[in-house]
Amino acid sequence: MPVTVRLVPGGTTSKVAEHETVLAAALRQGIHLPYGCHGGSCAQCRARMVAGEVAYPDGLPLALAAPDLNRGEALLCRAVISSSRHRKSPPSPVSGSELCPAGWCDSNGWPTM
Ligand code: FES
C-alpha cells in the first residue's frame, strides 16, 4: 500500500510504494531532489526526518553513520518508509511521514526556503 510522504518546506507530497525508496518515488513523480550515486555512498540525497521513520532493508548505507541516524538524518536513495506513527522533532500539525531534503532545512530540521 503506497504511503504519502510530505517534503518540507513547500508541502510537496510524494506517493511511495511499498519497498520503493523515497528518492525513486520522488523522481518517478517528477519531483527533483538532490542525489548523486543512488548507492548510499555520496550523501547528496541526505534529508532530515521531521516525522515518521525510514528503514534500510539492504543495510545501513555507507554514508550514514549512527550519529547521523540519531540526528534524524536519512539517505533517500536507500530509505524506504517504515512507519508514520513515530514523530521526531520539530513538531508539526500534520500526520504522516515528512522529510526535509538537504539544502531545504537548517541543521535543526527547520525549513529555510
Ligand atoms: S545518492 Fe548518493 S548516497 Fe544517496
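This passage describes Leu99 and the strand that contains it. The structure is a predicted model, in which local features need pLDDT of at least 70 and side-chain atom pairs count only at pLDDT 80 or more, while totals for chains, interfaces and linings use all residues. Residues are numbered from 1 along each chain as its sequence is written.

Leu99 lies in strand β6, which covers residues 97-101. Strands (E, at least two residues) are DSSP runs numbered from the N terminus. Leu99 is buried because 27 C-beta neighbours lie inside 10 Å; the term requires 20 or more other C-beta atoms within 10 Å of the residue's own, with C-beta atoms placed from the backbone. Five of the five residues of β6 are buried. In a regular strand the side chains alternate between the two faces of the sheet. In β6, Ser97, Leu99 and Pro101 on one side are buried, as are Glu98 and Cys100 on the other.

Strand β6 pairs with two other strands, where pairing means that DSSP finds at least two bridges between them. Strand β1 (residues 3-7) is parallel to β6, with three bridges, and Arg6 has Glu98 as its bridge partner in β6. Strand β3 (residues 46-55) runs antiparallel to β6 and is joined to it by four bridges. Met49 is the residue opposite Leu99.

Leaving aside neighbours within four places in sequence, Leu99 is in contact (C-beta atoms, placed from the backbone, within 7 Å) with Val5, Leu7, Val22, Ala47, Met49, Val50, Ala74 and Leu76. Val5 and Leu99 are separated by 94 residues in sequence, yet their C-alpha atoms are 7.3 Å apart.

How values were computed: Buried ≥ 20, exposed ≤ 12 C-beta atoms within 10 Å, placed from the backbone. Contact = placed C-beta atoms within 7 Å.
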